[in-house]
Amino acid sequence: MTLTVRLGARSYPIIVERSYAGVPTRLNAMGFMRVGWVVSHASLLARHGRGLLGPLRRAGWQLETIPIPERESSKSLAMAERLIRRLASRPTRGVPVLIAFGGGVIGDLAGFVAAIFRRGIPYLQVPTTLLAQVDSAIGGKVGVDLPQAKNFVGAFYQPRLVWNNVAVLKSLPMRQRRSGVAEIIKYGLIADAALFELLERRLDACLALQPAVISALIERSCAIKARVVSADERETRGIRHQLNFGHTIGHALEAASGYRRWTHGEAIAIGMCAAAALAVELGLCSRAVPERLTRVIERAGLPTRASGVSREAV
């Protein structure tokens, strides 16, 4: 399936497939120079690198892999500088391509580097986690964290392509699957009642990554993100703010705990519950909304409340 983020000259496709076999054909048609780098994690390259790199190298691509540590703290200015120095050490004629092959940390970091290296080089999002496939790989928000706040340094810089290979999700541990489900819950609540109802009915099948169910959930989530981003690329028209549901408190929890206690999806689940409770207090919705939200979050194995972190820090 192909969806499109419509941004004029910056438009790009979101592909939902079950392999990487079609990547070279798609990229070659876009006229890229067949030279570049793949930023990823060593363990991910060992598991799935051949599936992506094999077809590209057979198609004549010269790609250097750059592994980075598999942790949130890799999303830092220090790591961005390290990556930039690595890219600068390999002179190239023309414009090389940067491929972000991994989850949200990889996508945000590599996208940020692509935005500032040589005043911007093309980059591709090849997300390998459920959360990245439905959310962070789409929309062009790239950046790094500071101790004071998550994503405090960054840019709006759109990828040229997002390629979701649903088959790679099978290797995700359950905690990462649940983390991705948090963002799907968000999409259902802010924009698609039928999606929310589907998730309620087929949550077990979603967590088990049953092909038909997970593909449908990914496609519908991507369609919502693409529609919102197309209408409000840089969050200046008040439309894109809805994508931040649960993220105000969620990001604060991540920063206040040093980015070590909760996954992004877990923090967002807590943030959604808190935001819904505040909405009830403000008279913006009935109590039935947070009650229904809390039920599905708990069934997904996600937290609904935070403890052991300073309220003042949050």
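On the face of helix α7 turned away from its buried side lie the exposed residues Ala193 and Arg201, where exposed stands for over 50% relative accessible area and buried for under 20% (1.4 Å probe, protein chains only). The model is predicted, with local features needing pLDDT of at least 70 and side-chain atom pairs pLDDT 80 or more, while totals for chains, interfaces and linings use all residues. Residues are numbered from 1 along each chain as its sequence is written, and side-chain values use heavy atoms, leaving out hydrogens and water.

Helix α7 spans residues 193-201, and its buried residues are Leu195, Phe196, Leu198 and Leu199. Seen down the axis of α7, these buried residues fall within an arc of 160°, so they line one face of the helix, the arc being taken over the directions from the helix axis to the C-beta atoms. Their cover includes α6 (174-191), α8 (203-207), α9 (211-231) and α12 (288-299), with contact meaning heavy atoms within 4.5 Å. At the start of α7, the backbone nitrogen of Ala194 has a side-chain oxygen of Asp192 within 3.1 Å.

Helix α12 also takes part in the lining of the second largest pocket, where α10 (247-256), α11 (264-281) and α12 each supply at least two residues. This pocket has a volume of about 600 Å³, and of its 17 lining residues the closest to its centre are Ile270, Ala274, Arg305, Ala306 and Arg311. Helix α11 gives the largest share of the lining, six residues. By class, the lining of this pocket comprises 11 nonpolar, three polar and three charged residues.

Technical notes. Helices (H or I, at least four residues) and strands (E, at least two) are DSSP runs, numbered from the N terminus. A polar contact is a pair of N or O atoms within 3.5 Å; within protein, one must be able to donate a hydrogen and the other to accept it, and residues adjacent in sequence count only if both atoms are side-chain atoms. On a 1 Å grid over the protein atoms alone, a cavity is a set of points where a 1.4 Å probe fits but cannot get out, and a pocket is an open set with protein on both sides within 12 Å along at least five of seven lines; lining residues have an atom within 4 Å of a point. Grid points are joined across faces, edges and corners, and a volume is the space filled by probe spheres set on the points. Ala, Val, Leu, Ile, Met, Phe, Trp, Tyr, Cys and Pro count as nonpolar, Asp, Glu, Lys and Arg as charged, and the others, Gly among them, as polar.
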